[in-house]
Amino acid sequence: MKFAFVCVQNAGRSQMATAFAERERSARNVDDEVDIVTGGTQPADHVHEEVVDVMREVGIDLSSRTPREVTPAELDDADYVITMGCSASDVCPATFSGENRDWGLDDPDGEGLDAVRAIRDEIEERVVALFDEVDAETRANE
């Protein structure tokens with residue numbers, strides 16, 4: 001199973017989603033079964049500072065992460081491609097074999113910490129729900 005978390009800059013929402021997915025993967029002991037990739041179509045130079053700050057509040061350090069460009073091959077190989085709210089603006093890749101979901105999240109760039117916390121919390125809930133859904137589907141198909 002492979003998840004790809006994608007947004008334009010790869011400096012906020014997709015970084016948070018990736019970090020929560022990595023934590024969830026570890027908590028569920030499925031490190032060998034779930035691959036996670038993140039990237040952007042126009043990566044920023046660094047993860048947004050307000051994102052680093054609110055993630056630190058929940059024990060996740062994003063300060064050493066660097067936004068990166070996502071490749072078509074990474075998306076072609078993904079079972080789920082999750083865009084963060086950019087698909088409507090036609091900037092996120094749309095040609096891949098997996099399932100595409102757009103979470104329609106607000107961009108945290110330049111927002112106050114309370115707004116970024118709300119985005120963070122919504123992302124965490126969605127990531128947990130995604131893992132729950134995939135886990136239920138896997139069990140049903142066994």
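Is Asp106 buried or exposed, and why does it count that way?

A: In this predicted model, Asp106 counts as exposed because its relative accessibility is 56%, and the cut-off for that class is over 50% relative accessible area. The residue sits in the loop that runs between strand β4 (99-102) and helix α4 (113-140). Asp106 is also part of a patch of negative charge on the surface, where it gathers with Asp107, Asp109 and Glu111.

The C-alpha trace spans about 45 × 30 × 25 Å along its principal axes. The radius of gyration of the protein chain is 14 Å, which agrees with the value near 14 Å that a compact globule of 142 residues would have. Of those 142 residues, 44% count as buried.

Charged side chains also meet in pairs elsewhere, and the structure holds 15 salt bridges. In one of them, the side chains of Lys2 and Asp77 meet at 3.4 Å, N to O. This pair links distant parts of the chain, since Lys2 belongs to strand β1 (residues 2-7) whereas Asp77 lies in the loop between α3 (72-76) and β3 (80-83), 75 residues apart. Lys2 counts as buried because its relative accessible area is 13%, and the limit for that class is under 20%.

A second salt bridge joins the side chains of Glu22 and Arg65 at 2.6 Å, N to O. Glu22 lies in helix α1 (residues 13-27) and Arg65 in the loop between α2 (49-57) and α3, so this pair ties together parts that are 43 residues apart in sequence. Glu22 counts as partly exposed at 25% relative accessibility, and Arg65 is likewise partly exposed, with a relative accessible area of 25%.

Salt bridges that share partners join Glu57, Asp114, Arg117, Arg120 and Asp121 into one network.

Asn10, in the loop between β1 and α1, has a phi near 55 degrees, which is a positive value in a residue other than glycine; Asn10 is buried, with a relative accessible area of 0%. Asn29, in the loop between α1 and β2 (35-40), has a positive phi of about 55 degrees although it is not a glycine, but Asn29 counts as exposed at 62% relative accessibility. Ala27, which lies in helix α1, counts as exposed as well, at 58% relative accessibility. Ala27 and Phe3 are 24 residues apart in sequence, and their C-alpha atoms are 16 Å apart in space.

How values were computed
Residues numbered from 1 in each chain as written. Predicted model: local features only at pLDDT ≥ 70, side-chain atom pairs only at ≥ 80, totals over all residues. Heavy atoms only, no water. Patch = residues over 30% accessible without salt bridge, like charges linked within 9 Å, V, L, I, M, F, W, Y side chains within 5 Å. Areas by Shrake-Rupley, 256 points an atom, 1.4 Å probe, with all protein chains shown as cover. Salt bridge = Lys/Arg side-chain N within 4 Å of Asp/Glu carboxyl O. Lys, Arg positive; Asp, Glu negative; His and termini not counted. Charge placed at Lys NZ, Arg CZ, Asp CG, Glu CD. Helix = DSSP H or I, 4+ residues; strand = E, 2+ residues; numbered from the N terminus. Buried < 20%, exposed > 50% of the residue type's maximum accessible area, 1.4 Å probe, protein only. Rg over C-alpha atoms; globule rule 2.2 N^0.38 Å.
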